[in-house]
Amino acid sequence: KDGKQWTTLVDHRKSGRDSSQDYEELDQPAGVRYVRITNERMPNHAKVSLSGLRVFGVGQGVPPAKVNGIEVARSGKEPADGRIAEVSWKAAPGAEFYIVRYGIAPDRLFDSYQVYNATSREIRSLNTGVGYYFTVDAVNSAGITKGTQVVPLRP
């Protein structure tokens, strides 16, 4: 936690296996700020290399407020294009970015866009003649606040 006292979270020294694409999920949150990789040995005295490391988790603090004021409209540009929609919303206090989720039914919002530094997004991947539903989630390092307002967009 402090970059001075280290605690072992994962230890492969006795596994006897190659773990070049390893994925480890901890049973309990570790609450760490720093991560250190220590290599004990390599076959034939080769040098160790690390091409990537991803650490997932939720930071401390308060998740952002819920997004309100979602509005969705098909393209108003001339000529109108039914494949394009403009989604806008009010800024949520504490949000670092947003996830616009949409789909063909209120319980099937399987498509999404991440939006940084904005409170609107032009969606250019719709089908003409199809109705859609939209919501917006607010995200920060402490978590995700799922959107509860689902807005329909008629065909």
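Modeller: One term to begin with: contact means heavy atoms within 4.5 Å. This is a predicted model, where local features need pLDDT of at least 70, side-chain atom pairs count only at pLDDT 80 or more, and totals for chains, interfaces and linings use all residues. Residues are numbered from 1 along each chain as its sequence is written, and side-chain values use heavy atoms, with hydrogens and water left out.

Colleague: OK. Which residues is leucine 153 in contact with, leaving aside neighbours within four places in sequence?

Modeller: Val72, Ala73, Arg74, Ala85, Leu126, Gly131, Tyr132 and Phe134.

Colleague: And is leucine 153 buried or exposed?

Modeller: Leucine 153 is buried, at 6% relative accessible area. The cut-offs: buried is under 20% relative accessible area, exposed is over 50%, and partly exposed is in between (1.4 Å probe, protein chains only).

Colleague: Where does leucine 153 sit?

Modeller: In strand 8, residues 151-153. Strands (E, at least two residues) and helices (H or I, at least four) are DSSP runs, numbered from the N terminus.

Colleague: How many helices and strands are there in the protein?

Modeller: There are 8 strands and 0 helices. Along the sequence that reads β-β-β-β-β-β-β-β.

Colleague: How far is leucine 153 from tyrosine 23?

Modeller: Their C-alpha atoms are 40 Å apart. Along the chain, 130 residues separate leucine 153 and tyrosine 23.

Colleague: What about the overall size?

Modeller: The C-alpha atoms fill a box of roughly 65 × 35 × 25 Å along the principal axes. The radius of gyration is 22 Å, while a compact globule of 155 residues would have one near 15 Å. That radius is taken over C-alpha atoms, and the globule rule is 2.2 Å times the number of residues to the power 0.38.

Colleague: How many of the 155 residues count as buried?

Modeller: 24% of them.

Colleague: Switching topic. How many salt bridges are there?

Modeller: The count is 4. A salt bridge here is a side-chain nitrogen of Lys or Arg within 4 Å of a carboxyl oxygen of Asp or Glu.

Colleague: Which residue does arginine 101 pair with?

Modeller: Aspartate 137, with the closest N and O atoms 2.7 Å apart. Arginine 101 lies in strand 3 (residues 97-103) and aspartate 137 in strand 6 (residues 132-140), so the pair ties together parts that are 36 residues apart in sequence.

Colleague: Are those two buried or exposed?

Modeller: Arginine 101 is buried, at 18% relative accessibility. Aspartate 137 is buried too, at 1%.

Colleague: Which other pairs can you show me?

Modeller: One is aspartate 81 with arginine 83, at 2.8 Å from N to O. Aspartate 81 is buried at 19%, whereas arginine 83 is partly exposed at 46%. Another is aspartate 11 with arginine 13, whose closest N and O atoms are 2.6 Å apart. Aspartate 11 is partly exposed at 42%, and arginine 13 is exposed at 55%.

Colleague: Last one. Where is asparagine 68?

Modeller: In the segment before strand 1 (71-74). Asparagine 68 is partly exposed, at 41% relative accessibility.

Colleague: What is asparagine 68 in contact with, beyond its neighbours within four places?

Modeller: Trp89, Lys90 and Gln149. The C-alpha atoms of asparagine 68 and glutamine 149 are separated by 7.2 Å, and the two are 81 residues apart along the chain.
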